[in-house]
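Biologist: I have not looked at this structure before, and I would like to learn how to read its features one at a time. Could we go through them together?

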Amino acid sequence: MSAAAPAPKENMGNPVPRTDARAKVTGEARYPADVGVTKPAYAYLVTSAIAQGELSHIDSAAARVIPGVLEILTHENIGAIADAGFFAQGGAMSTTLLPLRSRHIAHDGEIIAVVLAETFELAREAAYRIKVSYQPGAASATFGSAGAQTIPVAQVSHQHEDPKVGDAHRALAGAPVKIDVEYSTPPQHHNAMELFSTTCVWSGDELTIYEPSQFVYGVKNGVAKQLGIDAGKVHVVSHFVGGAFGSKGSLTPRTALIAIAARKLNRPVKLVATRTQGFTIATYRAETRHRLQLGAQRDGKLLAYTHTGFEVTSRPDNYFVGGTEDTCRMYNFGSVATQVNIVHADRNTPGFMRSPPHVPYMFALESALDELAVALQMDPVELRRRNDTLKDPVSGKPYSSRSLAQCYEQAAQAFGWSQRSAAPGSMTEGDWLIGWGCATAVYPTHIGAAAARVRLSHDGQASVQVAAHDIGTGAYTVIGQMAAERLGIQPEAVKVELGDTKFPPAPVAGGSNTTATVCSTVMTACNAIRDKLFKAATAQQGPLAGRDVRQLDMRDGKVVAPEGASAKLAALFHRLETSALEEYTEWIPEGAPPDAVKTLYSGKPTLVGGAQGKKLLYAFGAEFVEVRIHRRTREIRVPRATGAFAAGRIMNTRTAHSQLMGGMIWGIGSALHEATELDRRAARYVNTNLADYLVPVNADIGEINVLLVPEVDNEVNPAGVKGLGELGNVGTAAAVANAVYHATGKRIRDLPIRIEQLL
Ligand code: MOS
């Protein structure tokens, strides 16, 4: 055991090393762009240099004469592509802004041509030789730009109602202590290590797509719809994903373009888009603005919370994250009034990015609570403790479990919070101002309908097949652990196969649902196999004859009774006259419609959880951060951070630790480094590469201490698991900003926090 592989506490599984670790570090793992296809043509995208207007002319003469250039697809010759609907409204697509449909340009960096050639270099050379002329129009870049249009989400979407309780404005008016503050967060792009790639291969009328994806059934059904072919003819393969964070969750326009290209050329086509193109051909986290008011009694008891959010989206799409749906349930607020607005601008459509609603909205709320604590002259941990609640202040429904108080207790203790001196600037070491801050992390527990196939052989080897996705999180490993545990065999004896539409479907690997959903499904399938073996073990003569099946378990390749009597698997299979038992199981969580697996097969996932059901299902955490700010240069360092998290059953303490640590690191980056810079005149991203788009590197990160807080919750789902992939990076940015205030007395309300704001 080590810091990276903590010893399991109650209700936690072993830190089994990732089963795909060796393949990944040795380069054996075939990511979708690595899959060998016969004699591929290579695609290179040409993207728009304006954000609004019309294409007047595409002059490709100089490109076409290059030997080895095979074809150049534009809106003039690509042919029909049908609409597959907007993901946020039950469709497949990340955006309704479909490129190559007309002369119209809707955002900077929109795909305007696809060059196909014998090699990548030739395709790129040809793309550079294409001359495009435009008739540009005026483009609205963001908040405050001329032509940007603000609309309350509730007016345009049935998926959002602004949470409201009591009369918050009146409560505020009478509150003895109150604050009224504004915050903002910047656009961010996922920048996974793996670029966006698509490889399409036709065999007759059957299409195989190799593409890194968080939802292979979505790609399958969406592309089939776009091409007007039977979904049964489309096969999608995505065995490994080199980072996604939401960016590979919905179908982006490039995929159908490459499928059409491969059909036209009658040979495989491979596209690997550039890092820069990734900023505009996929999604991102949009910039947000917030106005918050908090009112409290002098003893810290909250009386009112108002939160008005503004989020940028594209011109046509009503994409929003609406974080008030969760922030309104965080504390016993007394009264709540919220409103979420979207601001339409001439941008590509945003989309999911790790903890989409919580990163911006919890930054605002957790910063505001810190400001309130200062106004109250109260310790910020104590303020949260006094307003903790085990039931939803909005609906009155109870939480299935909520261990926020325990998280604060354990994290504060490990961090040494009791040593904090409250006055800003009062803790120093040499030239360094020291600041300590904290904030709450939260993530709703999502679960979805899924199906899986599990097979156990007489020799104790098992296999699990499900079209779930391991986006680097450890899904292969923990799914194998669940099967091994239920079937009483070693994890190495389980072969897990994921990321392929030839397997039964799982939901989009989004909303941190995969472990809870797939482990519950696999557990159900394993239970069916156990039932058969238990019946065989108890039915006839033998060591377990006549036993109550409810007392039996599987361990060490045997069916065992409580006091030790056992029957070997081989003997039971012999008795059953079969060499293997296979179960295909469909699992539908409570609250999901009875046809949820059927609709999943057609590419529509159903996720339930969070605040939707009879009880609130949420995971929580508490994060503490130390910052050091140089007295003269204002350089900002984060030497240490401690987070304590409770998320039900922890399947594997190593992979859980890794997810939570990675999340906290991202949170630090979100606080201090990360932002996509916009040229407001051109509505264009300018730092579209990893040199200028800052993410934390090793030198930016000090000690990250992750504590796993035991929590047993048998109500969330059969596996007892709450997803934690998106938990760790919630709250971190606020904890850093709160620590910066504590170090300097300066409250920075706009992320990322930079040296110049502290001068
Ligand atoms: Mo996650 S942003 O729900 O893929």
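This is a predicted model: local features need pLDDT of at least 70, side-chain atom pairs count only at pLDDT 80 or more; totals for chains, interfaces and linings use all residues.

Biologist: Let us start with the open sheet of seven strands; in what order do its strands lie, and what is the pairing?

Modeller: A sheet is read from one side to the other, and here the order is β3-β5-β1-β13-β10-β11-β12, with mixed pairing. The edges are taken by β3 (69-73) and β12 (234-237), and because each has a single partner strand, one side of each is left without a neighbour in the sheet. On average, neighbouring strands of this sheet are turned by 20° against each other, direction ignored.

Biologist: In which sense do β11 and β12 pair?

Modeller: Strand β11 (residues 206-210) pairs with β12 in the parallel sense, over four bridges, and within this pairing Tyr210 has Val237 of β12 as its bridge partner.

Biologist: Which strands does helix α3 lie across?

Modeller: Helix α3 (residues 120-129) lies across β1 (41-47), β3, β5 (111-117) and β13 (269-272), and runs at about 25° to β1. Helix α6, in turn, lies across β10 (197-203), β11 and β12, where its direction is at about 145° to β12.

Biologist: At what angle do α6 and α7 pack?

Modeller: For a helix pair one reads the angle, the distance between the axes and then the residues in contact. Helix α6 (residues 216-227) and helix α7 (residues 254-265) pack at about 60°, with their axes 10 Å apart, which makes α6 oblique to α7. Their crossing is right-handed. On the α6 side the contact is made by Val219, Val223, Gln226 and Leu227, and on the α7 side by Thr255, Ala256, Ala259 and Ile260; by class, this contact has six nonpolar, two polar and no charged residues.

Biologist: Why can strand β29 be called largely enclosed by the rest of the structure?

Modeller: One looks at how many of its residues are buried: in β29 (residues 636-646) this holds for nine of the eleven, so the strand is largely enclosed by the rest of the structure. As for its pairing, β29 runs antiparallel to strand β28 (residues 618-630), joined to it by nine bridges, with Val625 standing opposite Ala641. These two strands form a hairpin with five residues between them, and Arg634 in the turn has a positive phi of about 65°. Strand β32 (residues 703-708) runs parallel to β29 and is joined to it by six bridges, one of the pairs being Thr642 with Asn705 of β32.

Biologist: Where else is phi positive in a residue other than glycine, as in Lys39, and is Lys39 buried or exposed?

Modeller: Lys39 has a phi near 50°, and this residue is found in the loop between α1 (21-26) and β1, where it is exposed, with a relative accessible area of 57%. Another case is Asp556, whose phi is also near 50°; Asp556 lies in the loop between β23 (553-555) and β24 (558-560) and counts as exposed at 59% relative accessibility.

Biologist: Is Ser335 buried or exposed, and what does it touch?

Modeller: Ser335 sits in the loop between α9 (324-327) and β16 (336-344), yet its relative accessible area is 4%, so Ser335 is buried. Leaving aside residues up to four places away in sequence, Ser335 touches residues including Val165, Asp167, Leu303 and Tyr305.

Terms used
Residues are numbered from 1 along each chain as its sequence is written. Side-chain values use heavy atoms; hydrogens and water are left out. Buried means under 20% relative accessible area, exposed over 50%, partly exposed in between (1.4 Å probe, protein chains only). Contact means heavy atoms within 4.5 Å. Axes are lines fitted to C-alpha atoms, for helices over the stretch in contact, and angles run from 0 to 180 degrees between N-to-C directions. Angles under 35 degrees count as roughly parallel, over 145 as roughly antiparallel, 65 to 115 as roughly perpendicular and the rest as oblique. A crossing is left-handed if the near helix is turned anticlockwise from the far one by less than a right angle, and right-handed if clockwise. Ala, Val, Leu, Ile, Met, Phe, Trp, Tyr, Cys and Pro count as nonpolar, Asp, Glu, Lys and Arg as charged, and the others, Gly among them, as polar. Two strands pair if DSSP finds at least two bridges between them.
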